[in-house]
Amino acid sequence: MSANARLMEDRGLVYWGPERTRSNGLNSLDKLTPDVCAGLHRELDACMQDGAQKLLISQENFVGSMVRNFAYASLYPSALERGHLLAKAFGGRVSKIALNIRALDMYWASAAAYLFKRGNKPIEPKSWKRIADSKRSWRNVITDLSTAFPGIPFLVLPFEEFAGQQQAQLEVLTGQPAPDTGKETALNGAVTPAPHGLNAKQTMKLWMDYTDDLAWLASGADGLAELICHSDTNDRGATLAETGFEQRKST
């Protein structure tokens, strides 16, 4: 995204990544003072005045952090609170939200490996048990965020469908062709992350929870969100000219 920011701006699409959200205060939602929110709105107004038609903001910690997830052995337990803070910060100027989801066993294993590589201690067996026993899944996270952004289109993109397909994701989010870089990069796209502490029974339980999430999304998600899937996939990336997308929602 950052590498193609100038090209996208020429097409009327402005991108704010983690560096930009760090500078304007969006990385610290619990510290969004009136002054910070006022500064954010000045930035949004400036984007429009400079000719931006769309603004795409990407920040992995908007819904919470991996550290907090492990501390509570729960999937983004503060998603509702953080969603309300985001909605308040943007003051009704959000036109669409999107969330990548992943099979829960693979999500937790990948998160544990990431934190371990950054110097955190290995996750203890008792924590893995609490995680596997938790009743909170992506359905809860999606419901929380949709509560904070009522009536706002909500797209859900499974990791298994879109890993390494940044072009395809961008086209889904913006509704316009994405820059063709000729290269797609998968972040943590390995089939098997580093070893983790889930046993076979716990892994199966989390997988079944994810299956239930997908079934709920595919059946319409109670009208709260749309499940976005490739109707055809390949391992070289995807564009709208090559690949169709399915939007599944209740009617």
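## Strand β4, covered on both sides

In this predicted model, strand β4 is covered on both of its faces. F154, V156 and P158 are buried on one side, while L155 and L157 are buried on the other. Strand β4 spans residues 154-158, and five of its five residues are buried, so the strand is largely enclosed by the rest of the structure.

Let's look at its partners. Strand β3, residues 97-101, pairs with β4 in the parallel sense over five bridges.

## One face of helix α7

Now turn to helix α7, which covers residues 125-133 and has S127, W128, I131 and A132 buried. Seen down the axis of α7, these buried residues fall within an arc of 135°, so they line one face of the helix. What do the buried residues of α7 pack against? Their neighbours are α4 (66-72), α6 (104-117) and α11 (200-218).

## Aromatic pairs

A pair of aromatic rings is described by the distance of the centres and the angle of the planes. The count for this model comes to seven aromatic pairs. In one of them, the rings of F70 and W108 have centres 5.0 Å apart and planes at 75°, so this pair is edge-to-face. F70 belongs to helix α4 and W108 to helix α6, so the pair ties together parts that are 38 residues apart in sequence. Both F70 and W108 are buried.

Y76 and W138 form a tilted aromatic pair, with 6.1 Å from centre to centre and 40° between the planes. This pair links distant parts of the chain: Y76 sits in the loop between α4 and α5 (79-90), whereas W138 is in helix α8 (residues 138-148), 62 residues apart. Y76 and W138 are both buried. Ring pairs join F70, Y76, Y107, W108, W128 and W138 into a cluster.

R102 lies over the face of the F159 ring, 3.9 Å from the ring centre.

G17 is found in the loop between β1 (13-16) and α2 (18-23). Is G17 buried or exposed? Its relative accessibility is 10%, and buried means under 20%, so G17 counts as buried. G17 and E60 are 43 residues apart in sequence, and their C-alpha atoms are 9.4 Å apart in space.

Conventions
Residues are numbered from 1 along each chain as its sequence is written. This is a predicted model: local features need pLDDT of at least 70, side-chain atom pairs count only at pLDDT 80 or more; totals for chains, interfaces and linings use all residues. Side-chain values use heavy atoms; hydrogens and water are left out. Buried means under 20% relative accessible area, exposed over 50%, partly exposed in between (1.4 Å probe, protein chains only). Helices (H or I, at least four residues) and strands (E, at least two) are DSSP runs, numbered from the N terminus. Two strands pair if DSSP finds at least two bridges between them. The arc is that of the directions from the helix axis to the C-beta atoms. Contact means heavy atoms within 4.5 Å. Rings of Phe, Tyr and Trp (its six-membered ring) pair if their centres lie within 6.5 Å; planes under 30 degrees apart count as stacked, over 60 as edge-to-face and the rest as tilted. A charge sits over a ring if NZ of Lys or CZ of Arg is within 6 Å of the ring centre and within 35 degrees of the ring normal.
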